[in-house]
There are 2 protein chains.
Amino acid sequence: MTYAKTTAFTQEQQQLARVAKALAHPARVAIIQLLASKMTCISGDIAAELPLSRTTVTQHLQELKALDLIRGEIDGLTVCYCLNTELLRQVQQQFAGFFAEATVGPVCGPGDACAC
Amino acid sequence: MTYAKTTAFTQEQQQLARVAKALAHPARVAIIQLLASKMTCISGDIAAELPLSRTTVTQHLQELKALDLIRGEIDGLTVCYCLNTELLRQVQQQFAGFFAEATVGPVCGPGDACAC
DNA sequence: AGAGTATGTCGTATGTTTACGTCATAGTAG
DNA sequence: CTACTATGACGTAAACATACGACATACTCT
C-alpha cells in the first residue's frame, strides 16, 4: 500500500479532502456551474458544452455522482442530472468552517507577527 | 497529451480546481489545520505530528508552498512554515462564491422541483 | 421488427500523485 | 575541525487519474 494512506487522518479531514478532490478538476467545476446555471437538469448536453469527449464527461459525471453531489434520473431516452443542493449546502458549511479556522491568524510575512 | 486538458476552461475554473487539488489530500488539510492551530510557525514538528514519513510530509509542504498557500522561512537550523492568511482569505471568497452559485437552486429529488 | 439516438461500460495508453529510502547540504555545538 | 541535527533534493515503485475509441444497452419512432 504505497498509496492512499488516508487512514490515520480524522473523518473530518478525509471528508473535506474527498470533496476537494471532486472539485480538483476544471471539468467537474464547470459541470457543477453548468447545472447550477440551467434551472433545468440537462443530460448529455453537458458533454456538448465541454471541450471533452462524451466518454470523458460521463466519467466526470460518474465521479460526482459517486459522491452524491449530483443525481441522475433516467427520463425516457435521456438522463437528467441535477445538483444535490442539500448536500452542497452541507459541504459549503464544511468548507466555510475550514476556512474560518485557517484565516483567523495574523498575516505572516517577512518580519511579521508570527513568532519565527 | 492524453492528460491535463485543463486549457479550454475558464481561468476561474482552473484556479478553483488548482486550490481544490491542494486540499484534496487529508495530509494537506491536516497541515493547514495544524499551522492554524499553533500560533507559532512550527517546522519539522509537522512531520512528527502526521502519520507519514518526513520525506512525504516535506513533499506535501512543497506542494502547498508552490501554490503560495504557506510560506517557509529559514531560521537557523530549522525552517518555519506559516499560513499565507492573505491568500487563504482570497481563496475563501472564491469558494464562497462558487458554493453560493451552486446552492441557489431548488432541491432536486424524485418528483421535485426540477423540470426533468 | 428495424433504424436511429442517447447513455453508459470496458479496455487502454499515458501522465500524475503518493509514499518512502537514501543522499547532499547547511547550520549547531562540542 | 568533527559529530550531530534539521532540511530539502533525487530516484523510484506502485496506485491513481485523465482522456478517448469502440462496444453494449435501452429507449423512441416509423
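**Briefing: B:Ile32 and its surroundings**

Leaving aside residues up to four places away in sequence, B:Ile32 touches A:Ala102 and B:Leu83. The model described here is a predicted one, and its two chains meet in a contact that takes 48 residues from chain B and 47 residues from chain A.

**B:Ile32**
- B:Ile32 lies in helix α2 of chain B, which covers residues 26-37.
- Although 29 residues separate B:Ile32 from B:Leu61 in sequence, their C-alpha atoms are 9.6 Å apart in space.

**The contact between the chains**
- The contact draws 48 residues from chain B and 47 residues from chain A, and on the side of chain B that touches chain A, α1 (11-22), α2, β1 (70-75), β2 (78-83) and α5 (85-102) each supply at least two residues.
- Of that side of chain B, α5(B) provides the largest share, with nine residues.
- Sorted by class, the side of chain B that touches chain A consists of 30 nonpolar, ten polar and eight charged residues.

**Chain A**
- The UniProt record, an unreviewed entry, places the annotation "domain: HTH arsR-type" on residues 8-103 of chain A; over these residues the chain is 62% helix and 12% strand, with its end C-alpha atoms 25 Å apart.
- Helix α2 of chain A (residues 26-37) has twelve residues, so at 1.5 Å a residue it should span 16 Å, which agrees with the 16 Å between its end C-alpha atoms.
- α2(A) is mostly covered, with nine of its twelve residues buried, among them A:Val29, A:Ile31, A:Ile32 and A:Leu35.

Notes
Residues numbered from 1 in each chain as written. Chains lettered and ligands numbered in written order. Predicted model: local features only at pLDDT ≥ 70, side-chain atom pairs only at ≥ 80, totals over all residues. Helix = DSSP H or I, 4+ residues; strand = E, 2+ residues; numbered from the N terminus. Contact = placed C-beta atoms within 7 Å. UniProt positions renumbered as here; feature names shortened; annotations may be inferred. Expected span 1.5 Å × (residues − 1). Buried ≥ 20, exposed ≤ 12 C-beta atoms within 10 Å, placed from the backbone. Nonpolar A, V, L, I, M, F, W, Y, C, P; charged D, E, K, R; others polar.
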